[in-house]
Amino acid sequence: MASTSIETTSSFSSQTTATERRGIPGAQFVEDVQTYLSQLGLDVNSALAFLQERLQQYKLVEMKLLAQQRDLQAKIPDIEKCLDVVATLQAKKGTGEDLVADFEVSEGIYSRARIQDTDSVCLWLGANVMLEYSYEEATSLLQKNLDNAKASLEVLIADLQFLRDQVTITQVTIARVYNWDVHQRRVRQATTVAKDS
Amino acid sequence: MQQEQGGKSDTQVTWEDQQNINKFGRLNNRFHELEDEIKIAKETNENLEDAGNELILTDEDIVRFQIGEVFAHVPKEEVETRIEEMKEVTSKKLEKLEEEKESIVAQMAELKKILYGKFKDSINLEED
């Protein structure tokens, strides 16, 4: 799978292209603005417009990924809390005592529960489904979910980093194309003045 | 957000420069994330401290300790032990975060030196 790890490859190709990553197109790094523009076959304004549009697309994807990241970051503490509860129940099991707990019935209203020695817990799986598991099964299921969530988060963070790099490259390219254009105009103006005088 | 702006100079931007700029951007993002995380960790630490202090003051034997979404009735000593453990975990985490932050600040200073050295006024790496 093409992953863009940044290594110094400047000796290989004159225009190091970052391959795309999970649907995000890589921004082409420009060695020389002149060659870049002639390669694209666009004039300066069209090139700038194209780059600006690319930037907007990147921003959109960034928002989406950030939202996903927030969701995952909220889910992980939830799963950890569940694991905590199951572990506590399991620990209590040995002692034979009942676990007394206060739980929220509604906002600000709590009720007391006496949890006797049991061997199983019920886990809410979503979509109005709840299943009963033994302590060990519940722990392993929750642990697996936690590991998956953490792994997804890592991939997501790597995606975001890649995306931000492409945004930076595009911003720098826009600045350089614009400066090149300004430079060209100045040169042209200078030669016209020289011709006229 | 720190921006790179081209100035009037015609300094060529090499792939290595671009990579440095990218790296700087990444470090800067991570720096801000770390600042937030450190703030949260410090708050958690304070809360645990307060909880520990309250515990010493109370004369009840059974304390309602939050586990997940419920408050379990737990004997005072066990709660003390738990709070101590949680404080340990949070302090270690805070230490690690501070270390990472220092390393990032150092790396960013290095990169600033390199990039300002090459681009001088053409690049702006400050917070606005």
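Author: A pocket here is an open set of grid points with protein on both sides within 12 Å along at least five of seven lines. The structure is a predicted model.

Reader: How much space lies in the largest pocket?

Author: The lining of this pocket counts 46 residues, with Ile76(A), Pro77(A), Glu80(A), Ile40(B) and Lys93(B) nearest the centre. By class, 20 of the lining residues are nonpolar, 9 polar and 17 charged. The space in the largest pocket is about 2300 Å³.

Reader: Which element gives the largest share of the lining of the largest pocket?

Author: Elements supplying at least two residues each include helix H2 (44–95) of chain A and helix H1 (15–57) of chain B. The largest share is 13 residues, and it comes from H1(B).

Reader: Which element gives the largest share of the lining of the second largest pocket?

Author: The second largest pocket has a volume of about 920 Å³. Its lining has 35 residues, and those closest to the centre include Cys82(A), Cys122(A) and Trp124(A). The classes are 24 nonpolar, 7 polar and 4 charged. The largest share, 10 residues, comes from H2(A).

Reader: Which residue of E2(A) is the bridge partner of Asp102(A)?

Author: Strand E1 (residues 99–106) and strand E2 (residues 109–115) of chain A run antiparallel, joined by 7 bridges. They form a hairpin with 2 residues between them, and Gly108(A) in the turn has a positive phi of about 80 degrees. The bridge partner of Asp102(A) is Arg112(A).

Reader: What is the average pLDDT of chain A?

Author: In chain A, 90% of the residues score at least 70. Over residues 1–17 of chain A the pLDDT is below 50. The average for chain A is 85.

Terms used: Residues are numbered from 1 along each chain as its sequence is written. Chains are lettered from A and ligands numbered from 1 in the order in which they are written. This is a predicted model: local features need pLDDT of at least 70, side-chain atom pairs count only at pLDDT 80 or more; totals for chains, interfaces and linings use all residues. Side-chain values use heavy atoms; hydrogens and water are left out. pLDDT is the predictor's confidence in each residue, from 0 to 100. Contact means heavy atoms within 4.5 Å. Two strands pair if DSSP finds at least two bridges between them. Helices (H or I, at least four residues) and strands (E, at least two) are DSSP runs, numbered from the N terminus. On a 1 Å grid over the protein atoms alone, a cavity is a set of points where a 1.4 Å probe fits but cannot get out, and a pocket is an open set with protein on both sides within 12 Å along at least five of seven lines; lining residues have an atom within 4 Å of a point. Grid points are joined across faces, edges and corners, and a volume is the space filled by probe spheres set on the points. Ala, Val, Leu, Ile, Met, Phe, Trp, Tyr, Cys and Pro count as nonpolar, Asp, Glu, Lys and Arg as charged, and the others, Gly among them, as polar.
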